[in-house]
Amino acid sequence: MKDLNRRDFLKIAGTATAAAALASCGGNSNSTLGDLDPAGHHSGPIPSDKMTYRTNPNTGDKVSLLGYGMMRLPYRQVAPTSDPNEPAPEEIDQEQVNKLVKFALDHGVNYFDTSPAYCQGHSEESTGIALKASGYDRSKFFIATKLSNFAPQQQSYEEGVKMFQNSLKNLQTDYIDYLLLHAVGGGGMENLHQRFLDNGVLDYLMQQREKGTIRNLGFSFHGEAEVFDYLLANHDKYHWDFVQIQMNYVDWNLADESNSRNVDGVYLYGELEKRGIPAVIMEPLLGGRLSKMPDHIVATLKQQRPEDSVASWAFRYVGSKPNVLTALSGMTYMEHLEDNLRTYSPLVPLDEKEQAWLETEIADLYVSYPIIPCNDCKYCMPCPYGLDIPAIFVHYNKCVNKGNVPENQQAENYQQARRAFLVGYDRAVPKLRQANHCIGCNRCSPHCPQNIRIPHELHRIDEFVEKLKQNTL
Amino acid sequence: MLKPIRRILAVVFWLGITLLFLDFSGTMQPFLGWMAKMQFLPSVMAGNFITISIVLIVTLLMGRFYCSAVCPLGVLQDFFAWIGRWRVFRKNKKGKWANRYSYSEPKTWLRLGVLALFIIMLLSGFSAGVMLLAPYSSYGRIVASLLQVIYIDINNLLAQWSEANDNFLFYQVEPHNNPLLLMLVAAATALILFVLAFLHGRTYCNTICPVGTTLGYLAKFSFLKMRVDENKCIKCGLCEKNCKAACIKVEKGQPVLFDYTRCVACGDCQSVCAKGAISLTKKAGSTNDSFQTNPSTPSGEAASSDLSRRSFLAVTGTAVVAATLKAQEKTTDGGLAAIEEKKVPERKTPLTPPGSLSATNLQEHCTACQLCIANCPNGVLRPSTGMEHFLQPEMQYDQGYCRPECTRCADVCPTGAIRPITKEEKTAVQIGHAVWMKENCLPVAEEQRCGSCARHCPAQAIQMVPIDKSIRQNPDDQQWYDAEGNRVDLRDLLMIPVVNDEKCIGCGECEYLCPARPFSAIYVEGHEQHREI
């Protein structure tokens, strides 16, 4: 009884706020209210039978809208280190991975996306172990992996075949449900020719599809539109079963804000929808950036749905597009997984007004902050000169979000912001791995899916840090 | 009255100086820096007439009060002596652990001998000997080399807490890597002091310490002295038994004798006297303050650290071609590259901080107290282990460089070895100049474009020029042309750094940030005389 009263009260309060604050965003804001704890957070059990599924028109696969990205697996420290400049020896926390994968499967997630390049090459193996350990039959889940032949020495036919066969071995399976040409677009057509067309690797993969070792063949795309257009123009020849694109409410219209070479989500999604090719979505949350938002945006979003996470907006946004097969999320922690499961069990779609509100107002506000569009994917790493590039960008973005990147000394909170930035910098990144050690060799930039001019940004941060240290901002 | 005032002052100065040596953050200096500058010997070195005058006036007024209240080494000995009272398991009439001292004959020749030796070493510039006898510096070395590491450990624990709670009150600090030799010297000093003070009170002050001897002979002429009212005195001898300086002689039927060269005006005798017969007064009378005794050899306190062994002289070979990181084409994502530690190059002339004027000036004035080293936030200053500059600060750039906004060593130095300097003055003082080591430089060794040194140089003393000498700059349009006269884009060329020695200030930013490891491809060579540019 008592419980019911509390819930009723919360329901009423929620409705009232939403109604008063945003009539335009529809009146369904209380429809997903589950059990709430006194702080207004969801606390009840996560439903295990409410997951939203999408159907692959080619194979009839019923794919869970939430896909598990195996790129951001949890690590654990193997041995302590006495030297702060040396990285502590780490390994993938397999026990935790097993737990997460089992929990995901138990709650309806059936799509797992990995690559031979992820986690210093250990992701596939770890994924294979966790899926095996889950006890689920191989037919109950879909494995997606990629042909990640980025280095020149990997780009021969033989190496391509070897990489694919290796994936089967590491994943402990004899077929791959979804195989992708990994990150085509960067380096333009020339790169595509080198990696897949001229060496016969794509032909090999199409043969494998004939044989059934690959059930769906697709590509993931970052970078130059020319490549995307070429591959789709030859759809009749290649018969893409799916395509993986970066999409979220910021990149929908504003992907080119960070770099003019990036292609807007609206174009990529539109082209796929036109041809009836299902879209797998990567970076729906921009590596967590659309969860770790500046306070002002957090307040705006939370005001609409105080009980929902900031991240849930980003997931509901991509889920609301009907041609989306699954949205990938690299869930390192159980809390991430739980939150995303709630969001998609089942999906409460955003109406068009809400979608437009995110694509315009919120996205505009977000890009007005000087955030570096790094999603912490670590494709740039390891830097040969020892820098921890993503850690530097993550720290910088964190400070932007917290208002700790003052424009000048006249800024109201200059002294606290300065201390927070500098002390936090030394905590986040060991001195020898900080931005001032970048020599500008630019080996990193070609690997960046977001086309960040990494040395340029590092030098900019270095200059900013120098000005803070010298009090000459 | 004298004893409580002395005690309060002693505790204030002792804590203040200790904190000054423990602090690494620079927060104490503005509040406590003056305490180091109140020290007598450093002030003599610095020619700080204000402090010298104050100390001399106080001494002429009321004896060696300085030794009791201001000198941290003196107070440390009182602390050791206080521990030493447990040695004597009997209480005096007031219920205190005491009554353990007795008068000893002054060791005049030894004292004067040590003082003479000290002055000779001072004048001849034998700094290694001077610094061993300098009382304030001895104390500094004990705190900086033995205790600061504990202070930093505690700070780092707090920093962990701070980080866990996402606040910025404390931050992690790397403790100074003290050379073993420094720690041995400090530990030996501490041990000798402990044994002497534990057993005999102020023996060190009254036999070894050159400041104690100097002020002692001056105190003979002081206006106020500890004097006994013979009418009240019952010759009970309590004062003698409680005099840690062992300078009071009580004999039946004789007036009480004070050796004022050894009396540190602590007031213990005054407070212990049951008859109130002792006071600090001007009235000359009943005591005979000018007795001489034969020098006798000291028991076993001839403190000497064996400095003859020079095996500690670090011999580093000339910078051989550095095995730099070979960048490889990566096949997987993530992970961190290992970073090889930098090695210190051999410098012909040692680098000394801006404000020190020259290595010679530093060597002549520095008493190796370690205050600047303990306070250096950039990991640059460290004690030299070479004989000539024994334990005096020298600069190395393997862990950091002399940052433009920092003048902390100059702020704290009490001896004038590093003179006060402003940030603005610092930008124009040339302490050395950068030297390029071709074999180590990335564009030469690995055909890798770099330019880290030029981009970071705060003096804009480094420029990048094409390796290919045939590519020349046209002075008219500032553009670069090859031999055929075609314009070239510098972004496509391998470039090497060239140093404008006239602009270089020797801060070491280029050396620290040079990616070549373990030996940088650009390093700073010291200048014998600092110059203004």
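## Terms and model

A residue counts as buried if 20 or more other C-beta atoms lie within 10 Å of its own, as exposed if 12 or fewer do, and as partly exposed in between, with C-beta atoms placed from the backbone. Helices (H or I, at least four residues) and strands (E, at least two) are DSSP runs, numbered from the N terminus.

This is a predicted model, in which local features need pLDDT of at least 70, side-chain atom pairs count only at pLDDT 80 or more, and totals for chains, interfaces and linings use all residues. Residues are numbered from 1 along each chain as its sequence is written, while chains are lettered from A and ligands numbered from 1 in the order in which they are written. The model scores ipTM 0.80 and pTM 0.78.

## The two chains

Chain A has 473 residues, of which 46% count as buried. Its secondary structure comes to 18 helices and 12 strands. Two residues are in contact if their C-beta atoms, placed from the backbone, lie within 7 Å. Of the contacts in chain A with a separation of 6 or more, 74% are between residues 24 or more positions apart.

Chain B has 533 residues, and 45% of them are buried. It holds 21 helices and 12 strands. Among its contacts between residues at least 6 apart in sequence, 76% join residues at least 24 apart. Confidence is given by pLDDT, the predictor's value for each residue, from 0 to 100. Chain B has a mean pLDDT of 85, with 89% of its residues at 70 or more. Residues 285-327 of chain B have pLDDT below 50; beyond near neighbours in sequence, this stretch makes 69 contacts in the model.

## Domains of chain B

Chain B is assigned domain 1 (2-281) and domain 2 (359-532). The bounds come from an automatic or database domain assignment. The C-alpha centres of these two domains of chain B are 42 Å apart. Contact between them involves 34 residues of domain 1 and 27 residues of domain 2.

On the domain 1 side, the elements giving two or more residues are H1 (2-22), H2 (29-37), H3 (40-46), H8 (127-133), H9 (135-164) and H10 (180-200) of chain B. H9(B) gives the most, with seven residues. By type, this side has 18 nonpolar, 12 polar and four charged residues. Here Ala, Val, Leu, Ile, Met, Phe, Trp, Tyr, Cys and Pro count as nonpolar, Asp, Glu, Lys and Arg as charged, and the others, Gly among them, as polar.

## Where chain A meets chain B

Between the chains, 36 residues of chain A are in contact with 27 residues of chain B. On the chain A side, helices H3 (118-121), H17 (414-428) and H18 (454-470) each supply at least two residues. H17(A) gives the most, with six. The chain A side divides into 17 nonpolar, 12 polar and seven charged residues.

## Helix H18 of chain A

H18(A) has 17 residues and reaches 24 Å from its first C-alpha to its last, close to the 24 Å expected at 1.5 Å a residue. The expected span is 1.5 Å times one less than the number of residues. Its buried residues are A:Ile454, A:Glu457, A:Leu458, A:Ile461 and A:Leu468. They cover an arc of only 100° around the axis, which puts them on the same side of H18(A). The arc is that of the directions from the helix axis to the C-beta atoms. These buried residues pack against H16 (389-401) and H17 of chain A. Just after the helix, A:Asn471 takes a positive phi of about 55°.

In H7(A) (residues 201-211), A:Val201, A:Leu202, A:Leu205 and A:Gln208 are buried. Seen down the axis, they fall within an arc of 115°, so they line one face of the helix. The face turned away carries exposed A:Asp203, A:Gln207, A:Glu210 and A:Lys211. The cover over the buried residues of H7(A) includes strands S7 (142-147), S8 (176-184) and S9 (214-221), with helices H5 (157-170) and H6 (188-197), of chain A. A:Gly212 follows H7(A), with a positive phi near 95°.

H7(B) (residues 108-124) buries B:Arg111, B:Val114, B:Leu115, B:Phe118 and B:Leu122. Their arc is within 95°, so they line one face of H7(B). On the other side, B:Ile120, B:Leu123 and B:Ser124 are exposed. Cover for the buried residues of H7(B) includes H8, H11 (203-207) and H12 (210-219) of chain B.
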